[in-house]
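Let's take a walk through this one together. Have the fold open beside you as we go from the whole chain down to a few single residues.

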Amino acid sequence: MNRGADRLLALVLLVIGVGCFAMLRLAQGDASIATSFASMRSVALFVAGVVCVIGALLFFAGLLPGRPNQLSGTPLFGRAAEAQNPGRPRLRQAFLVLPAIVVLALLADHFGPWRGAGPGAEVAVPNKPKAEPKGQDIAGVPPDLAAPPTPPSSPPVAIPPEPTPPVQATNPPEPAPPAPPQPPDVALAPATPPPEAAPPPAPATPPQAELPTPPETVAPLPPAEPPLPTEPDGHRDAVVWLAVSADGRDIMSASTDRMIKLWDIAGKRLIRNLGEHKDMARTALFMPDGATALTAGDDGEVVLRKLADGTVLHVFSSGQNGGVRKLAISRDGKRAVSGHDTGNVIVWDLVNKSALHVMTGHDWPTSTVAISPDGTRALSGSIDGTLKFWDVESGKQLRSWHGHEQGTYGAVFTADGHHVITGSGDYTIKLWDLDTFRELRRFEGHEGTVYTLALSADGKRLASGSLDGTARLWNVDTGNQIAMFDSRTGPIYAVAFAPDGTLLTGGDDRTIRDWPATGDGEILFAGAPQ
């Protein structure tokens, strides 16, 4: 057999081997390897393919020569004869016969009368449970929100409460498990699964006594808060500012209802409406002369008014600087400082009725301003928590620092002018040293934005009002809380000290209250009916 014939046989064996693997793939489809070897047919195809490929490699490499013929000049004896390759005729014959057997077997399998449903045909399994569709909604819940399915197991036995006797739960019959894979070297005919055993009859459940339905219970409702008193002359919306006159007789209030009102403390009555802003009123301050007041609001106007009848004496317009968030005046009544929506701070010359400086620097709306007792310095705070220190006469910024994590909504100078106290949306109150700009003390306890601050006349007590609905008194020297007053009716936006040292508050409930050292506050001036 020459070399060319061996290579031709190698090609034939390779084609047959590849055909066996192809048939194996078609027969099993996308099944896994473990599933593919569960039948004898698949094993036979795999073994035949492997043997044919090995034979092709051996023939191609010339490792299966036949018994050689006598070549010219080759001795028939001695060492040369012993060294000749005797050939592998039996192994060669086996690899020659194998392809024919494989081809005949494949033809018989494909065209024989015993051919079954075809390669990969699915065999019906009796009582095969239906697969649940993937992504099926559970009680209307989308698939991605539905709870994961419970793994198949026997349902739990329900145990009713005593004294009802327990009821035995009957498990439903489970589907027959699939037949285990057969050993590859034994061919078995498809076995018919044994009939399912009928479930044992459930024991008769003794009749249960019908339990009486327990009566419905309802938690007692908390006692309803008595309705707040009202008066026609009261504010129609939240009270956001309170100021007490120098003689201690009157209170001036500003409200988001746009009105400025003047009240008689001792007589507990409204003296008069001082005027109305075009938008919500924010601040109302007594001038040092005791005869006029300076008010401001979201309409961008700072208005000088007569206390006697509310006559408007002068209007300072902020123009493009926006609404006036807060306003402060010097003790001598010559200067006023206002903070605006645009973040600008304006110094007003109250004597010459003009704007002295427009100071820029805040990137966000200015939410608080304060003037030092000597009138030479001013502090402003923004809703981003930054604080700025200004020279009033020159308009120069002296210092800027990030004082709070949230906006600053209240600021007061101490009597010495070297310290300032600020409240914030981060729920804290801080005492600052204006010589070093360091935080000296922190007052903590509020659970909401600290919106307003006020110092007592002696400078020893600090009052704070918060959106948490409480007002609190603090010891300035120690930072300790002295008292807490809970309005129980919403945020407190304004605080001030009455002439007798008690605390006055105004807030979301439209009222102005006086709080004694202990107990509930007394409503001095009620809000208008809604």
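Helices (H or I, at least four residues) and strands (E, at least two) are DSSP runs here, numbered from the N terminus. On that count, the chain has five helices and 28 strands. Keep in mind that this is a predicted model, where local features need pLDDT of at least 70 and side-chain atom pairs count only at pLDDT 80 or more, while totals for chains, interfaces and linings use all residues. Residues are numbered from 1 along each chain as its sequence is written, and side-chain values use heavy atoms, with hydrogens and water left out.

Now the overall picture. The chain has 530 residues, and 39% of them count as buried, meaning under 20% relative accessible area with a 1.4 Å probe, protein chains only.

For a look at one spot, go to helix H1 (residues 3-28), where you'll find Asp6. Asp6 is buried, at a relative accessible area of 6%. Its C-alpha atom is 5.3 Å from that of Phe59, which sits 53 residues away along the chain.

Strand E23 (residues 470-475) pairs with strand E24 (residues 481-486) in the antiparallel sense, over five bridges; pairing takes at least two bridges found by DSSP between two strands. Thr470 stands opposite Asp486 in E24. Five residues lie between the strands of this hairpin, and Gly479 takes a positive phi near 85°.

Notes
Buried < 20%, exposed > 50% of the residue type's maximum accessible area, 1.4 Å probe, protein only.
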